[in-house]
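Colleague: I would like to go through the terms behind this model. Please set each value against its cut-off.

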Amino acid sequence: MAAEDEAELSLLECRVCFEPYGPDGQRRPLNLPCGHVLCRGCVGALAGAERQRLECPFCRRLCGPAETSDCRPLLQLLELLGPAGGLASALGRSGGGAAAAAAAPAGLGLRLCLGGWGSLVNPTGVAACPASGRLAVAHDGKKRIHVFGPSGFCLGRFGERGPASNDIKYPLDVTVTSDGHVVVTDGGDCSVKAFDFDGRGVLAVREGFCLPWGLDATPKSEVILTDSEAGALYCLSADFQRGELKKCQMIRSRLVSPRAVAVCQTSGAVVVVEHLKAPGPSKGSTRVKIFSAEMDLIGQMDSFGLTLVFPSRIYATAVAFDKEGRVIVTDVCSQAVICLGKPEEFPIFNPLISHGLSYPVGLTYTANNSLVVLDSGDHSVKVYSST
């Protein structure tokens, strides 16, 4: 077995007892505050009979069992594998996939790799500030938003984990408006919360949402967001400087578990990734839908349809538009970033990044057209640019 395959297999087993993780019971993966992941059984064993404190076996940091949380990227990967799945098929190791064999296009190289285990904890969303180039990352750390500068240095952290009204319970996605405000979807209390880059909470919208999930900002600082449980798409408009909500209007309904969303900064087109539940033990699939600026459906393709242009199954987790208006998605099956083309030519298949990723869950472009990929598999942000 190749070394990279062994590394991928180790992601799916507890590094203390070396038993494979499972979705329930004692094998459920739990995240320690330091970022290391153990199964529930090992957490209980290390905490002892009194279950008061435990010491991380890797970095020796002390914590309490109540401070642990579900390792959602691993749980999502286990769900993707399904009861009959295998790592080789889920990660595109069948040997015949184009993405597994192809290299990144000439001129596109990894420029920065930020974060890592402990710095970022189970990151779920990434966004770039159009004006300053700063990157905001939503993750499961004590301070939920981690801000990096354009050169990769940490500029700050904010968004406390806690019960207060402006605290962030569980961030699902993040975006940055053109006027420099960080907007977060909070799955913990089903709200949308906005902050300035100093970490001051300026607005919280709690009413009307079932489970707000993905979001992206328009050039006018409006926010387009999905409600996964309601199956709807909303447009939120606010005066973030004053902390005043102007409107929150449903602009599309009857979607199926919509999550990731992106807005084209030139045409105003909107692309949404739906997560389709399959009957029985099947692991389901995803569907990419593209709408015009007037919210007319202009194209769609599900995982099965994409296999007609790509010989391996695609499970999309994040989506973005590049500066030319092409749709870009992350695929956790082949661990790749794929260009699906412009709305009028959708879909084509062009792998942009086909190696070096573990579990890509977030995607954005900076103002200078660098491609930013959030890799939850190794808790990092990877920045690619032309060389």
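Modeller: Residues are numbered from 1 along each chain as its sequence is written, and side-chain values use heavy atoms, without hydrogens and water.

Colleague: Why is S237 called buried?

Modeller: Buried means under 20% relative accessible area, exposed over 50%, partly exposed in between (1.4 Å probe, protein chains only). S237 has 11%, so it is buried. It lies in strand β17, residues 232-239; strands are DSSP runs of E, at least two residues, numbered from the N terminus.

Colleague: Which residues does S237 touch, leaving out those up to four places away in sequence?

Modeller: E222, L245, K246 and K247. Contact means heavy atoms within 4.5 Å.

Colleague: What makes β9 and β10 a pair?

Modeller: Two strands pair if DSSP finds at least two bridges between them. Antiparallel β9 (residues 143-148) and β10 (residues 154-160) have five. H146 has R157 as its bridge partner in β10. The two strands form a hairpin with five residues between them, and G152 in the turn has a positive phi of about 105°.

Colleague: How confident is the predictor about the chain?

Modeller: pLDDT is its confidence in each residue, from 0 to 100. The chain mean is 84, and 84% of residues reach 70 or more. Residues 1-9 stay under 50. Residues 84-107 are also below 50. Where pLDDT is low, predicted coordinates should not be read in detail.

Conventions:
Predicted model: local features only at pLDDT ≥ 70, side-chain atom pairs only at ≥ 80, totals over all residues. Helix = DSSP H or I, 4+ residues; strand = E, 2+ residues; numbered from the N terminus.
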